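Open the model in your viewer and keep the selection panel at hand. This tour goes stop by stop, saying what to select and what is there.

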Amino acid sequence: MSAGPDSDLALAFRAVRKSYGRIRALQGLDLAVPRGSVFGLVGPNGAGKTTTFSICCGWLRADEGDVDVLGGGPFDAARHRGRVTALPQDSALGRDMTVREQLVYLGRLQGIGAREIRGEVERILELVDLKDRARDRVRTLSHGMLRRVGIGQAFLGDPELVLLDEATNGLDPRQAHGIREFIRAQRGTRTIIVSSHNLHEIETVCDHVALIDRGRVVMAGPISTVTGRDAEVRITLADGPVPLAETRAALTGDTVEWDAPARTLTLRFQEKPGRAAEDVTGEALRALLAAGARISSVARGQSLERRYLEMPAGEPPPLPPGV
Ligand code: ATP
């Protein structure tokens with residue numbers, strides 16, 4: 001797995017290890033992030049997400065394994081400056097600068113030319129809805145506004161790979177929604193890696209996801225595969241008949257499970273040409289309705305939250321003595 005110059009991967013990690021003293025933060029992490037994807041990195045506290053981001057940006061070096069950023073090997077300022085940008089978890093901004101000055105400064109550091117920077121900063125101020133605070137000092141901003149400055153600086157210029165650690169943390173619902181819509185709209189134009197504990201956010205914004213735990217990838221792939229959208233349908237029934245036999249007869253070859261307390265039927269099937277999830281859902285609903293069942297809801301796959309909760313919980317093991 002390599003993100004060579006012509007590769008369709010924006011980022012590749014292979015068997016990456018990183019320890020802080022005796023703490024093993026990454027224990028053979030494999031990641032393959034397709035170019036143009038919005039890729040979610042999900043995992044419990046201490047799973048290694050920030051460490052992964054820090055290695056991508058060159059703030060840390062891996063102890064072992066291969067890291068390939070945009071086909072140019074591990075992060076190297078000469079190759080990657082301005083092409084890879086990040087919103088760190090705790091971004092430190094110059095508190096005595098105005099918002100506009102701060103963005104100009106950061107944009108210049110990213111290599112944006114003196115001619116372009118003014119227009120570029122105005123575009124970003126608009127994007128993160130901070131035009132009316134552009135002349136205020138950074139220290140006078142609320143937590144959510146500071147976050148928006150951080151998000152804005154990550155989109156200055158035309159970066160190919162953007163890393164957003166907990167981007168919408170602390171934003172009010174309207175601002176968070178706006179930022180999510182913006183990130184989603186970037187699909188196909190650049191690669192964005194998002195880490196978040198908000199699984200609904202990951203599910204709505206991202207097209208790919210990796211669940212990581214204790215420094216390893218537990219599950220990864222397109223969101224539809226990870227959540228089983230193309231292989232599972234759940235139908236919840238209201239009070240009334242539960243025509244299980246009729247549904248099973250209509251769906252021979254598929255698995256039909258009944259969860260009585262939740263009053264939910266789970267259908268598991270393999271999509272085939274000419275028989276997509278929509279067709280299976282239709283067959284099941286016809287059988288259920290013909291037998292008098294009352295449908296409360298129909299859902300495709302499991303939520304990402306359910307997949308996440310299936311991961312075993314635990315702390316990363318310390319290094320053995322003497323290592
Ligand atoms: P969170 O969701 O809490 O932000 P995370 O997935 O980003 O967690 P990391 O911050 O990468 O996880 O931490 C991975 C492991 O490395 C944790 O056990 C953490 O305690 C440890 N760690 C991280 N940074 C350091 C450091 N500077 N010194 C020592 N240990 C560290």
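**Stop 1: α3 and α5**

Select residues 99-109, helix α3, and residues 143-154, helix α5: the two pack at an angle of about 30 degrees, and their axes lie 10 Å apart. Angles under 35 degrees count as roughly parallel, so α3 is roughly parallel to α5. The model you are looking at is predicted.

Look at how the two helices pass. The crossing of α3 with α5 is right-handed. Now show the side chains. On the α3 side, the contact is made by Val99, Gln102, Leu103 and Leu106. On the α5 side, Val149, Gly152 and Gln153 take part. Which classes do these residues fall into: nonpolar, polar or charged? The contact of α3 with α5 has four nonpolar and three polar residues, and no charged ones.

**Stop 2: α3 and α4**

Colour the contact residues next. From α3, pick Val99, Arg100, Leu103, Val104, Gly107 and Arg108. From α4, pick Ala114, Ile117, Arg118, Val121, Glu122, Ile124 and Leu125. By class, the contact of α3 with α4 divides into eight nonpolar, one polar and four charged residues.

**Stop 3: Leu146**

Return to α5 and select Leu146, which lies in this helix. What does Leu146 touch, leaving out residues up to four places away in sequence? The contacts are Leu93, Val138 and Leu141.

Now draw a distance from Leu146 to Gly48. Their C-alpha atoms are separated by 24 Å, and the two residues are 98 apart along the chain.

**Stop 4: the ligand**

Zoom in on the oxygen atoms of the ligand. Start at Asn45: an N or O atom in its side chain is 2.9 Å from a ligand oxygen. Step to Gly46, where a polar backbone atom is 2.8 Å from an oxygen of the ligand. End at Ala47: a polar backbone atom there is 3.1 Å from a ligand oxygen.

Definitions and conventions. Residues are numbered from 1 along each chain as its sequence is written. This is a predicted model: local features need pLDDT of at least 70, side-chain atom pairs count only at pLDDT 80 or more; totals for chains, interfaces and linings use all residues. Side-chain values use heavy atoms; hydrogens and water are left out. Axes are lines fitted to C-alpha atoms, for helices over the stretch in contact, and angles run from 0 to 180 degrees between N-to-C directions. Helices (H or I, at least four residues) and strands (E, at least two) are DSSP runs, numbered from the N terminus. Angles under 35 degrees count as roughly parallel, over 145 as roughly antiparallel, 65 to 115 as roughly perpendicular and the rest as oblique. A crossing is left-handed if the near helix is turned anticlockwise from the far one by less than a right angle, and right-handed if clockwise. Contact means heavy atoms within 4.5 Å. Ala, Val, Leu, Ile, Met, Phe, Trp, Tyr, Cys and Pro count as nonpolar, Asp, Glu, Lys and Arg as charged, and the others, Gly among them, as polar. A polar contact is a pair of N or O atoms within 3.5 Å; within protein, one must be able to donate a hydrogen and the other to accept it, and residues adjacent in sequence count only if both atoms are side-chain atoms.
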